[in-house]
Structures are given as structure tokens and as C-alpha cells.
Amino acid sequence: MKLATEEKFAFLQLAQYIAKLDGEYGPKEREVVNEYCTEMGIENVEINIELFDLESILAVFKSAKSQKIAMLSLMVLIHIDDKYGIYEHKVMYNIAQKFHLDERQMHLFSMWGKAGSAIYEQALVFIED
């Protein structure tokens, strides 16, 4: 909810792009993306990966705060399927460079994302019918 309207739609595209990088947009990733849309109050509209332009999407995030919000949320998404592959790693590293985050910060964000995804999974177990 802390992102501006334009940033919310850019984040949705970025999240879908990241989720599809490994060629598998699985149910856990879809669920997290849907949760993000609910939190942001926007509709989850599928993007066309062929038309996706990472550079222009990243340019939408102007403030350091919105960049960090996006990065933290992406890290949860990346870790939700327990697969942080080479393609995801390369893109996240590229995003970190554009957002002026150093390797130490990236490591901390990644650890937070891993912990956040584990807590999310536990919460789902707690609320099962």
C-alpha cells in the first residue's frame, strides 16, 4: 500500500516477470502475486513477457523507499518455491545495481525474503480449513 499507483502496476509486472524467469509460474508464486495485488488494491492482469522491458519498469520506482519495498517483496516471491536459480539471481543482481543496493544489502534482503516466505507458508497451514 506504500507504493504510488504507477509503482503498483509496475511492481505487478516486475513480480510476474520474476516469477516466470525459471520457466515455471507455479501455484505458490501465483498465490503470492495474487496476495500482492489484493494488498495493493489492483487487479492481477497477466503480462506478456515478450513485451516486458525491465529498464523502463525499474525507472518507475523513483524513491529509495519504493525501491526497497519492491526488492523486499520480490525476495519473498523468489524464495516461495525454494528455487533461487541462476536466471533469478542475475536479474535480481541487475535490479539491485539499478536501485543502488550493495551486495551486503542484497544478502540481507534475500535472507529476509527467505524468512518471509517461510512465515507465509506457515500462516497458510494455520488457516487451512
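Predicted model: local features only at pLDDT ≥ 70, side-chain atom pairs only at ≥ 80, totals over all residues.
**Entry 1: aromatic pairs**

I searched the whole structure for aromatic pairs and got three. I looked up two of them.

I began with Y17 and F52. Their rings are stacked. I then asked where the two residues sit in the chain. Y17 belongs to helix α1, residues 5-20. F52 is in the loop between α2 (27-40) and α3 (54-59). They are 35 residues apart, so I noted a link between distant parts of the chain. Are Y17 and F52 buried or exposed? I found Y17 buried, and F52 is buried too.

My next pair was F61 and F99, which is edge-to-face. I noted 6.0 Å from centre to centre and 65 degrees between the planes. F61 is in the loop between α3 and α4 (64-79). F99 is in the loop between α5 (86-98) and α6 (103-126). This pair also links distant parts of the chain, 38 residues apart. I checked burial again: F61 and F99 are both buried.

**Entry 2: a glycine in α6**

I moved on to G116, which lies in helix α6. Its relative accessible area is 18%. Buried means under 20%, so G116 counts as buried. I also compared G116 with M75. The two are 41 residues apart in sequence. In space, their C-alpha atoms are 8.5 Å apart.

**Entry 3: salt bridges**

Side chains of opposite charge can pair when their charged atoms come close. I searched the whole structure for salt bridges and found four.

Which residue does E46 pair with at 2.9 Å? The partner is K20, with 2.9 Å between the closest N and O atoms. E46 lies in the loop between α2 and α3, and K20 lies in helix α1. The pair therefore ties together parts that are 26 residues apart in sequence.

E46 also forms a salt bridge with R30. Here the closest N and O atoms are 3.3 Å apart. R30 is in helix α2, so this bridge ties the loop residue E46 to a part 16 residues apart in sequence. I noted K20, R30 and E46 as a linked network of salt bridges.

E46 has a relative accessible area of 43%, which makes it partly exposed. R30 is partly exposed as well, at 37%.

The other bridge I noted joins K28 and E121. Its closest N and O atoms are 3.8 Å apart. K28 sits in helix α2 and E121 in helix α6, so the pair ties together parts 93 residues apart in sequence. Both ends are partly exposed: K28 has a relative accessible area of 36%, and E121 has 25%.

**Entry 4: helices α1 and α4**

Two packed helices are described by the angle between their axes and the distance between the axes. I looked up both for α1 and α4. Their axes come within 10 Å. They cross at roughly 30 degrees. Angles under 35 degrees count as roughly parallel, so α1 and α4 are roughly parallel to each other. The crossing is right-handed.

Which residues make the contact? From α1 I listed E7, F11, L14, A15, I18 and A19. From α4 I listed S66, A70, S73, L74, L77 and I78.

Definitions and conventions
Residues numbered from 1 in each chain as written. Heavy atoms only, no water. Phe/Tyr/Trp six-rings, centres within 6.5 Å; stacked < 30°, edge-to-face > 60°. Helix = DSSP H or I, 4+ residues; strand = E, 2+ residues; numbered from the N terminus. Buried < 20%, exposed > 50% of the residue type's maximum accessible area, 1.4 Å probe, protein only. Salt bridge = Lys/Arg side-chain N within 4 Å of Asp/Glu carboxyl O. Axes fitted to C-alpha atoms, helices over the stretch in contact; angles between N-to-C directions. Parallel < 35°, antiparallel > 145°, perpendicular 65-115°, else oblique. Left-handed = near helix turned anticlockwise from the far one by under 90°. Contact = heavy atoms within 4.5 Å.
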